[in-house]
Amino acid sequence: QAVEKLVQGAESGCHTEKERQIVLNCCRLLTRILPYIFEDPDWRGFFWSTVPGAGRGGGDEDDENARPLAESLLLAVTDLLFCPDFTVQSHRRSTVDTAEDIHSIDSCEYIWEAGVGFAHSPQPNYIHDLNRTELLKLLLTCFSEAMYLPPSSDSSNTNPWVQFFCSTENRHALPLFTSLLNVVCAYDPVGYGIPYNHLLFSDYREPLVEEAAQVLIVTLDYDSSTSSSPTVDGTTTGTAMDDVDPPGPDNLFVNYLSRIHREEDFQFILKGVARLLSNPLVQTYLPNSAKKIQFHQELLVLFWKLCDFNKKFLFFVLKSSDVLDILVPILYFLNDARADQSRVGLMHIGVFILLLLSGERNFGVRLNKPYSVRVPMDIPVFTGTHADLLIIVFHKIITSGHQRLQPLFDCLLTIVVNVSPYLKSLSMVAANKLLHLLEAFSTTWFLFSAVQNHHLVFFLLEVFNNIIQYQFDGNSNLVYAVIRKRNVFHQLANLPTDSQSIQKGLQRKKKTPEPISRTNSQDGVSMEGSRPAAPAEPGTLKTSLVATPGIDKLTEKSQVSEDGTMRSLEPEASQLSPEGNPPAALSDGEPWSGEASHSRRDRRRLSSASSSGQWTPTPDWVMSWKSKLPLQTIMRLLQVLVPQVEKICIDKGLTDESEILKFLQHGTLVGLLPVPHPILIRKYQANSGTAMWFRTYMWGVIYLRNVDPPIWYDTDVKLFEIQRV
């Protein structure tokens, strides 16, 4: 009945107030009922079966041609989203008898907001915004059937609701896509520059923008790693007609997103996303004077999809220092969420985006821009570039984040490795942070306590090698820090490999419960006005996530040649992890709580060197990677510079570092270092593991953002578990 009323409303065009009220009531009713239907597996096919008499024409057609209920519902909702005087401004000043026929209107003339592909900004109308929001909420609820299926690595199980909605069957696909994108990117929550404006007027746009962002990211849930061509895995029966299909995915939303190409469109999208992401950072001297938005996680997913599906957009982002307007908010979120168990997902997506960006040379180059914005962050005060900011925040995450972030250490250091060849001058604060990490990661107990821990040391040595070989001139601070901490490198070179020493090293762990000592990290004073990163309030809801693939699955290696172009290294080489032994297949060494499959949990327990003691370090194992530690460049540097620095100190009776820094600034190692190694970049590559991670993360965010009033709360969702901190 409810679907039928929506179909009738879409047919008639909802000209009377009564019809509109019926449509809205049916809409709300369905939004409340659908989750309970999805919850019950016996009812799952219900919407995809045809219901006698519920065909498009009401009942006068043959039942054979009747549409499945789901299709009738989706088509009615899309028609209603472009219904004059209900959800869009009518273009005719007319009475009811000459009302626009809803089937003859060209919905492209009724796009909701100026922006991509549309220049005219319609008069804001809060009633229309409210009606659109109700309809989008219903759409989102239709799509949410995905929440009631357990996570599976099989990417072919596309969501039938999304599939139909984003297909050519939906004649409004293009205007709807542009409407959603433009409404999100054009939104300015600050309230037209008047402080406290948001306290005086309620903002009807914000709920619409949130809903639009959520619908948009769900329609773009598409595994790009498996499907580059329209036919899926060849199971579809191909006909001669298939050849005329335009290349690109069947999902029109993904297709349109990947085809945006005009500079001004990119500018509009980037400016909009950057403006909204930096909204929580807009600290005015009037507290609460600007409205804080809550949908930054949806925006990050959207930004990720844009970069992943549209390479031209990615290059546009990196073409100017505008990328820093995305970087700074991400670093802010990462730093702010590092102690909060309920925001592990936010930490992951922030790091994934930076990993994707760091695969491009331009990102490293842009990081050299001085950092002058003073966003209050709980980090030491420093003067330097955006690269310094990135390193200081990463150090803070590694040393003072919570335990669940350990699987991200590989990713964080890979990002630093990727940008390191381009960093012109690190500040003393950032240089000390890098050496503090090396010190912490190269203790014997850390190296011997898990099978993949030594990878972190390899990543850090690679960072130092890249900077010494390619950016020695401006980096006297780092060189000085390396000289000061030279014993760390000597200890690594002389790492004991006999059983007795290994056991002794492991004993030390029991005395040191902290993952990384925070003493001698010289943290200094935090920035003014910053609040320390707080753990989640007890009782905070969070949703479980599937494990992310290890760094060797997440990335593929590319070599940068003389002229700056990259070439992918052949797969044989990329099967090896940084130091050339077979990858530790499970670098997600941490079982997610509430993992659905037990076999997976057991497998993971085997690979992580837990107290259950299934894996023990052996002398052969230590030798296998110790012999590959890339220490030659640093040892040569120490050999040349340490005697010179010591001589200066003795000759001048120096205790002041500025003289030594001056000496190092003018020194050179040309001809003294080993031949520079080729630069290796580990570029993110799409895979079905991350596609599944994004799906569970995205639906988890949407679930938690709709708890009050609840849509899915307390129903039996299967895609993730709901936990309380």
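A crossing of two helices is called left-handed if the near helix is turned anticlockwise from the far one by less than a right angle, and right-handed if clockwise. Keep that in mind, everyone, as we go through this chain.

A word on where this comes from. This is a predicted model, in which local features need pLDDT of at least 70 and side-chain atom pairs count only at pLDDT 80 or more, while totals for chains, interfaces and linings use all residues. Residues are numbered from 1 along each chain as its sequence is written, and side-chain values use heavy atoms, with hydrogens and water left out.

Let's start with the whole chain. Its secondary structure comes to 30 helices and five strands; helices (H or I, at least four residues) and strands (E, at least two) are DSSP runs, numbered from the N terminus. Of the 725 residues, 54% count as buried. Buried means under 20% relative accessible area, exposed means over 50%, and partly exposed is in between, with a 1.4 Å probe and protein chains only. Contact, for today, means heavy atoms within 4.5 Å. Among contacts between residues at least 6 apart in sequence, 79% join residues at least 24 apart.

Helix 28 (residues 632–652) and helix 29 (residues 657–666) pack at an angle of about 140°, with their axes 11 Å apart. The axes are lines fitted to C-alpha atoms, for helices over the stretch in contact, and angles run from 0 to 180 degrees between N-to-C directions. That angle makes helix 28 oblique to helix 29. Here is the scale: under 35 degrees is roughly parallel, over 145 roughly antiparallel, 65 to 115 roughly perpendicular, and the rest oblique. So which hand is the crossing of helix 28 and helix 29? It is right-handed. On the helix 28 side, the residues that meet helix 29 include Leu 641, Val 645 and Ile 648, and Phe 663 is one of their partners in helix 29. The contact residues divide into seven nonpolar, one polar and two charged. For those groups, Ala, Val, Leu, Ile, Met, Phe, Trp, Tyr, Cys and Pro count as nonpolar, Asp, Glu, Lys and Arg as charged, and the others, Gly among them, as polar.

On to another pair. The axes of helix 8 (residues 205–219) and helix 30 (residues 688–705) come within 11 Å and cross at roughly 155°. That makes helix 8 roughly antiparallel to helix 30, and the crossing is left-handed. Glu 210, Gln 214, Ile 217 and Val 218 of helix 8 make the contact with Met 698, Trp 699, Ile 702 and Arg 705 of helix 30.

Let's zoom in on Val 218. Is Val 218 buried or exposed? Val 218 is buried, with a relative accessible area of 2%. Leaving aside neighbours within four places in sequence, its contacts include Leu 140, Phe 143 and Val 162, along with Met 698, Trp 699 and Ile 702.

Next, helix 17 (residues 409–419). Here 11 of the 11 residues are buried, so helix 17 is largely enclosed by the rest of the structure. One of them is Cys 411, with a relative accessible area of 4%. Another cysteine, Cys 166, is buried too, at 1%. How many disulfides does a search of the whole structure find? It finds zero, a disulfide being a pair of cysteine sulfur atoms within 2.5 Å.
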